[in-house]
Amino acid sequence: MISPKTVLVSGGTRGLGLATVEQLLKNGYRVATFGRTSSATISALSERFGSQFWASTGDLSDPEGLKQIVNSVENELGPIWGLVNNAG
């Protein structure tokens, strides 16, 4: 059996990024996202989307924080296969 591929979506906690997250999940991908949003929003999204989804607060302008996000995603969902750069 082939494992689902993991896609990282920057800025995926609202708007177009969130719509992208929803479509990727519907199409069988594991999805990770981060954005400059509240912990309450992250918790609500995690509860809504379940185990194929990972989210965190984060900012692309922080290189060390971005490294931590990538490491966390790969530990939780496996290697990152694709990137949707929606932040900004």
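Helices (H or I, at least four residues) and strands (E, at least two) are DSSP runs, numbered from the N terminus. T33 lies in strand β2. This is a predicted model: local features need pLDDT of at least 70, side-chain atom pairs count only at pLDDT 80 or more, and totals for chains, interfaces and linings use all residues. Residues are numbered from 1 along each chain as its sequence is written, and side-chain values use heavy atoms, with hydrogens and water left out.

**T33**
- T33 counts as buried because its relative accessibility is 0%; buried means under 20% relative accessible area, exposed over 50%, partly exposed in between (1.4 Å probe, protein chains only).
- Its side chain reaches the backbone oxygen of V9 at 2.5 Å.
- The T33 side chain also reaches the backbone nitrogen of G12 at 2.9 Å.
- T33 touches residues including L8, V21, F53 and W54; contact means heavy atoms within 4.5 Å.

**Helix α3**
- Helix α3 covers residues 63–77, 15 residues in total.
- From first C-alpha to last, α3 reaches 21 Å, close to the 21 Å expected at 1.5 Å a residue; the expected span is 1.5 Å times one less than the number of residues.
- G65, I69, V73 and L77 are the buried residues of α3.
- Seen down the axis, these buried residues fall within an arc of 75°, so they line one face of α3; the arc is that of the directions from the helix axis to the C-beta atoms.
- They pack against β1 (6–10), β2 (30–35), β3 (53–57) and β4 (80–85).
- On the other side of α3, P63, E64, Q68 and N75 are exposed.
- G78 follows α3 and has a positive phi, near 100°.

Key: A polar contact is a pair of N or O atoms within 3.5 Å; within protein, one must be able to donate a hydrogen and the other to accept it, and residues adjacent in sequence count only if both atoms are side-chain atoms. Lists of a residue's contacts leave out its neighbours within four places in sequence.
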